[in-house]
Amino acid sequence: MFRNVAELVELAVSQNKKISEIMIEQEVMVSGRTKEEILGLMDRNLTVMEKAVERGINGVKSHSGLTGGDAVLMQKYIEKGNFLSGETILDAVSKAVATNEVNAAMGTICATPTAGSAGVVPGTLFAVQKKLNPTREQMISFLFTAGAFGFVVANNASISGAAGGCQAEVGSAAGMAAAAIVEMAGGTPQQCAEAMAITLKNMLGLVCDPVAGLVEVPCVKRNAMGAANAMVAADMALAGITSRIPCDEVIDAMYRIGQAMPSALRETAQGGLAATPTGRRLEAKIFGMPLNEK
Amino acid sequence: MKYRSVFDIIGPVMIGPSSSHTAGAARIGRVARSLFGREPKWANISLYGSFAQTYKGHGTDVAVIGGLLDFDTDDQRIIHAIDIANERGMKITFIEEDAVTDHPNTARVIIGDHDGELELVGISIGGGKIEITELNGFELKLSGNHPALLVMHNDRFGTIANVANTLAKYEINIGHMEVSRKEVGKLALMTIEVDQNINNQLIEELEQLPNILKATKIAD
């Protein structure tokens with residue numbers, strides 16, 4: 001059983017396997033299920049992700065009215081063709097947003113690794129799908145690779161915004177996505193780890209400060225930027241750029257930063273954007289009064 | 001290791017918006033329901049930390065009640081769980097606590113009817129995963145990921161051996177086990193996570209053993 005990224009990469013390299021294969025083998029060992037059953041369960045999760053993106057791209061609105069419709073705006077913008085960055089990255093942004101808009105509307109999603117960060121992994125997956133034309137099996141493998149890196153973060157640091165801030169949620173999700181993109185694009189296991197490290201380094205310190213305590217503002221747009229971050233970091237790793245700080249040390253730094261973060265910035269809606277005048281005004285509009293005066 | 005399965009990371013499939021505050025909360029409620037063994041007539045739910053601050057926005061309240069109604073994390077009925085509970089005559093009270101707990105997402109669930117009561121403390125540790133840390137005043141650690149057996153017993157020699165022997169007879173393997181007691185020689189609780197499903201015959205047999213007061217199973 002691998003306990004950290006170094007062991008995960010070492011297992012893959014020494015056995016000449018992909019990260020996704022190592023994750024599948026470990027799951028067989030731990031769960032006692034067959035490989036076919038495990039692939040079937042992940043296939044089901046992939047279907048849930050596809051449906052959520054499809055629903056979001058056609059437009060949803062949350063009960064509070066704070067979020068919804070941005071995935072549609074981005075898709076229309078891409079169609080016009082006058083974008084500045086790139087089609088794949090904007091498609092990832094749009095599909096990440098779509099998933100989180102559905103989540104905010106209390107729709108059905110697959111947590112990756114959490115609900116608040118559920119957009120990043122599917123958003124990037126369905127965007128690179130257009131570029132790389134993967135088989136269904138390869139798309140399922142993408143999720144196992146993402147899961148392997150998330151597994152390390154969850155066990156050595158945290159994937160909970162209440163415990164470690166948004167860096168632990170969207171930060172982890174973006175790192176997981178970056179690693180999975182690299183594998184799908186044909187990169188090495190070590191390049192997967194570099195992509196994860198580069199991504200997470202640039203998410204360090206990100207606080208969890210949801211307006212009115214809702215998983216909407218700024219969560220939806222943080223998923224958009226997490227997806228963009230993952231795409232760029234994957235390209236960097238594939239270009240041969242490495243992280244000076246090894247991936248496991250970045251994960252450890254993330255954990256320590258989370259520990260040092262004040263409670264007001266860990267999903268309590270007491271600080272950051274939640275405590276801005278507009279944040280408080282929106283909160284009062286939704287709940288009748290600001291939560292801090294309740 | 002807190003997380004053992006890749007499906008703790010890619011999953012669960014759930015109703016939004018928050019894995020810890022919605023899916024995790026639903027799971028805490030559902031474990032309480034499973035331990036109680038029937039639908040409670042009333043429920044007092046205390047929320048701490050981030051749960052207390054943001055439960056309305058995250059649907060933590062509807063999720064816990066959904067769990068008490070035996071709904072899974074992806075059950076669309078969670079959204080209307082409080083209305084459904086009200087229709088069924090369940091009396092619900094939510095208490096926002098100020099006390100600081102070890103974990104920011106903590107809920108204390110006290111449920112009951114005219115036949116009994118149950119008190120449980122659950123924490124939601126992220127990604128929808130939960131742990132039960134207290135049951136009827138006993139400290140324990142229960143992940144809710146495996147079938148489990150809870151055995152209330154008198155703290156006497158041989159009691160644990162008898163339970164283990166009975167499990168062996170039914171070819172049930174123990175994955176994790178711990179014993180908690182409030183005072184030496186008084187009431188104690190065995191928490192046993194197992195790999196196989198537990199049938200009612202085994203429960204009955206356990207309850208026949210000396211010094212066993214009650215045995216309860218929690219299905220996977």
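**Note on a predicted two-chain model**

1. Chain A exposes about 11,500 Å², and carbon and sulfur atoms supply 54% of that area. Accessible areas come from the Shrake-Rupley method with a 1.4 Å probe, and for residues only the protein chains shown count as cover. For chain B the accessible surface is about 9,400 Å², with 45% belonging to carbon and sulfur atoms.

2. Some conventions apply throughout. This is a predicted model, in which local features need pLDDT of at least 70 and side-chain atom pairs count only at pLDDT 80 or more, while totals for chains, interfaces and linings use all residues. Residues are numbered from 1 along each chain as its sequence is written, chains are lettered from A and ligands numbered from 1 in the order in which they are written, and side-chain values use heavy atoms, with hydrogens and water left out.

3. The secondary structure of chain A consists of 13 helices and one strand. Helices (H or I, at least four residues) and strands (E, at least two) are DSSP runs, numbered from the N terminus. Along the sequence of chain A, the pattern reads α-α-α-α-α-β-α-α-α-α-α-α-α-α. Chain B, by comparison, has six helices and eleven strands. The radius of gyration of chain B is 17 Å, close to the 17 Å that the globule rule gives for 220 residues, so chain B is as compact as a globular protein of that length.

4. For chain A, a compact globule of 294 residues would have a radius of gyration near 19 Å, and the value of 18 Å agrees with this. The radius is taken over C-alpha atoms, and the globule rule is 2.2 Å times the number of residues to the power 0.38. Taken along the principal axes, the C-alpha atoms of chain A fill a box of roughly 60 × 45 × 40 Å; the corresponding box for chain B is roughly 50 × 40 × 35 Å.

5. Of the 294 residues in chain A, 57% are buried, and of the 220 residues of chain B, 54% are buried. Buried means under 20% relative accessible area, exposed over 50%, and partly exposed in between (1.4 Å probe, protein chains only). Contact means heavy atoms within 4.5 Å. Among contacts in chain A with a separation of 6 or more, residues 24 or more positions apart account for 71%. In chain B, 68% of the contacts between residues at least 6 apart in sequence join residues at least 24 apart.

6. Chain A carries 25 positive and 28 negative side chains, and the centres of the two sets lie 6 Å apart. In chain B, the mean positions of the 21 positive and 30 negative charges are 2 Å apart. Lys and Arg count as positive and Asp and Glu as negative; His and the chain ends are not counted. Each charge is placed at NZ of Lys, CZ of Arg, CG of Asp or CD of Glu.

7. Strand E2 (residues 42-48) of chain B is mostly covered, with five of its seven residues buried. E2(B) pairs in the parallel sense with strand E3 (residues 91-96) of chain B over six bridges, and Leu47(B) has Glu96(B) as its bridge partner in E3(B). With strand E4 (residues 105-113) of chain B, E2(B) runs antiparallel and is joined by seven bridges; here Ile45(B) has Val109(B) as its bridge partner. Two strands pair if DSSP finds at least two bridges between them.

8. One joins Thr112(A) and Pro113(A), with omega about -5 degrees; Pro113(A) is in the loop between strand E1 (108-110) and helix H6 (120-132) of chain A. Another runs from Gly16(B) to Pro17(B), with omega near 15 degrees, and Pro17(B) lies in the loop between strand E1 (13-15) and helix H1 (19-36) of chain B.

9. Asn16(A) is not a glycine, yet has a positive phi of about 55 degrees. Asn16(A) is located in the loop between helix H1 (5-14) and helix H2 (19-31) of chain A and counts as exposed, at 72% relative accessibility. Glu171(B), also not a glycine, has a positive phi of about 55 degrees. The loop between helix H5 (159-169) and strand E9 (174-181) of chain B holds Glu171(B), which is exposed at 66% relative accessibility.

10. Val30(A) lies in helix H2 of chain A and is partly exposed, with a relative accessible area of 23%. Leaving aside neighbours within four places in sequence, Val30(A) is in contact with Met1(A) and Arg4(B). Val30(A) and Met1(A) are 29 residues apart in sequence and 8.9 Å apart in space, C-alpha to C-alpha.
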